[in-house]
Structures are given as C-alpha cells and as structure tokens.
Amino acid sequence: MNERYAREILSWSYGKPCSSHDEPAEGLLAVLLAPENNYHAILKDGELVGFFCAGPDARVPGGNYDGDALDIGLGLRPDLVGQGLGLGVVKAILRFARERFSPAAFRLTVATSNRRAIRVYERAGFEWECLFEGEGGAEFAQMVREAEG
C-alpha cells in the first residue's frame, strides 16, 4: 500500500446497500499505511482495482476471533462491483496470503446483508462458521476455509 492508493481507496463510496463500508477518512489514511496492519493494494494492468488487509485489522468488533485462522478483509473498487471480478480477486488474495503468511486457515467477516459478497466467498470455498451482532446492531457472518485448496 502506498499513500496514492490509500487516498484513492478513501475516496470510494459504495452507496446503498453497502453504505456501512463508507466511513470518514480522518485517521484512516494512517491505518491503511501502517505496515503492521498489512494493507495491500490490488492492481490489474497497473490500475487500482481493490485492496485487502490480513490480520487483526480485518476483524469486526463483537466477533469471536479465537483459533489459528488468518483474518482477511477486502474491498473492490465500487465501479467494479457486480462485474464478475470478485472470485478472481478473492483467489488472488488467498494465493498471496498463503505464500506470505502460511496460515492454517482463512477467515472473513462479512455483513449478512452483503449477499453478493457472501456468494463470492462461498464460491471461493468459505463456509459459514457463526453469526454475531456488531456495533450498531448490524448482523455479521464469520466464514472460514482451509488455507490449502
């Protein structure tokens, strides 16, 4: 991640029904750029198409994050959502994270209202582990899959 990509990501707006992803940019630039948060830009043909993070910053307050799974959080550029790129992006993230972190398993936390993302994660081999209520009353699902496969 670099400052140019981080600033571009912070300018993205998903609108309804994914507006819960829209947050104020104050303070988030430092979060995206801090090496310990493991944020990475996803480029295709030199163009920013998304981002992901690996580790604690991918967690949603209220969830149970026990176990050996590596937590993954991601975002696709809003104008690319719904164009069939999600599965390829998720698979690329998993390949990179498998090589970089060597986890036993991967875990994603996703709002249950985000049906499109859940379908992509299921197609990528993730299975529902549990549901929980996050801050503000939103319902989230934790999904897991083995790192190999």
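The model is a predicted one, in which local features need pLDDT of at least 70 and side-chain atom pairs count only at pLDDT 80 or more, while totals for chains, interfaces and linings use all residues. Residues are numbered from 1 along each chain as its sequence is written, and side-chain values use heavy atoms, with hydrogens and water left out.

Six strands form an open sheet with mixed pairing, in the order E1-E2-E3-E4-E6-E5; helices (H or I, at least four residues) and strands (E, at least two) are DSSP runs numbered from the N terminus, and two strands pair if DSSP finds at least two bridges between them. Because strand E1 (39-44) and strand E5 (127-133) each have a single partner strand, they stand at the edges, and one side of each is left without a neighbour in the sheet. On average, neighbouring strands of this sheet are turned by 30° against each other, direction ignored, where axes are lines fitted to C-alpha atoms, for helices over the stretch in contact, and angles run from 0 to 180 degrees between N-to-C directions.

Strand E6 can be followed through both of its pairings. With strand E4 (residues 105-111), strand E6 (residues 139-146) pairs in the antiparallel sense over seven bridges; along this pairing alanine 105 stands opposite glutamate 146, and threonine 109 has glutamine 142 as its bridge partner. E5 and E6 also pair in the antiparallel sense, over six bridges, with phenylalanine 132 bridged to phenylalanine 140 in E6. These two strands, E5 and E6, form a hairpin with five residues between them, and glycine 136 in the turn has a positive phi of about 80°.

Strand E4 also holds arginine 107, which counts as buried because its relative accessible area is 2%; buried means under 20% relative accessible area, exposed over 50%, and partly exposed in between (1.4 Å probe, protein chains only). A polar atom of the arginine 107 side chain lies 3.0 Å from the backbone oxygen of aspartate 66. In the loop between H3 and E4 lies serine 102, which counts as exposed because its relative accessibility is 60%. The C-alpha atoms of serine 102 and leucine 70 are separated by 9.0 Å, although the two residues are 32 residues apart along the chain.

Helix H1 (residues 3-10) lies across E1 and strand E2 (47-54), running at about 90° to E2, whereas helix H3 (residues 86-101) lies across E1, E2, strand E3 (69-76), E4 and E6, running at about 140° to E3.

Which aromatic residues pair across these elements? Rings of Phe, Tyr and Trp (its six-membered ring) pair if their centres lie within 6.5 Å, and planes under 30 degrees apart count as stacked, over 60 as edge-to-face and the rest as tilted; by this rule the count comes to five aromatic pairs. One of them is the tilted pair of tryptophan 12 and phenylalanine 51, at 6.1 Å centre to centre with 40° between the planes. This pair links distant parts of the chain, since tryptophan 12 lies in the loop between H1 and helix H2 (28-33) and phenylalanine 51 lies in strand E2, 39 residues apart. Tryptophan 12 counts as buried at 12% relative accessibility, as does phenylalanine 51 at 15%. Phenylalanine 52 and phenylalanine 96 form an edge-to-face pair, 5.7 Å centre to centre with 75° between the planes, which joins strand E2 to helix H3 across 44 residues. Of these two, phenylalanine 52 is buried at 3% relative accessibility, while phenylalanine 96 is partly exposed at 33%. Trp12, Tyr39 and Phe51 form one aromatic cluster.

The nonpolar cores complete the picture, each being a set of buried Ala, Val, Leu, Ile, Met, Phe, Trp, Tyr and Cys residues joined through side-chain atoms within 4.5 Å. The largest has 26 residues, and those with the most contacts inside it are Ile72, Val90, Phe106, Val110, Tyr121 and Phe126. At least two residues of this core come from each of E2, E3, H3, E4, helix H4 (115-123) and E6, with the largest share, six residues, supplied by H3. Leaving aside residues up to four places away in sequence, tyrosine 121 touches Leu74, Val90, Leu108, Val110, Phe126 and Met143. A second, separate core of eleven residues includes Tyr5, Leu32, Tyr39 and Cys53.

Methods:
Contact means heavy atoms within 4.5 Å. A polar contact is a pair of N or O atoms within 3.5 Å; within protein, one must be able to donate a hydrogen and the other to accept it, and residues adjacent in sequence count only if both atoms are side-chain atoms.
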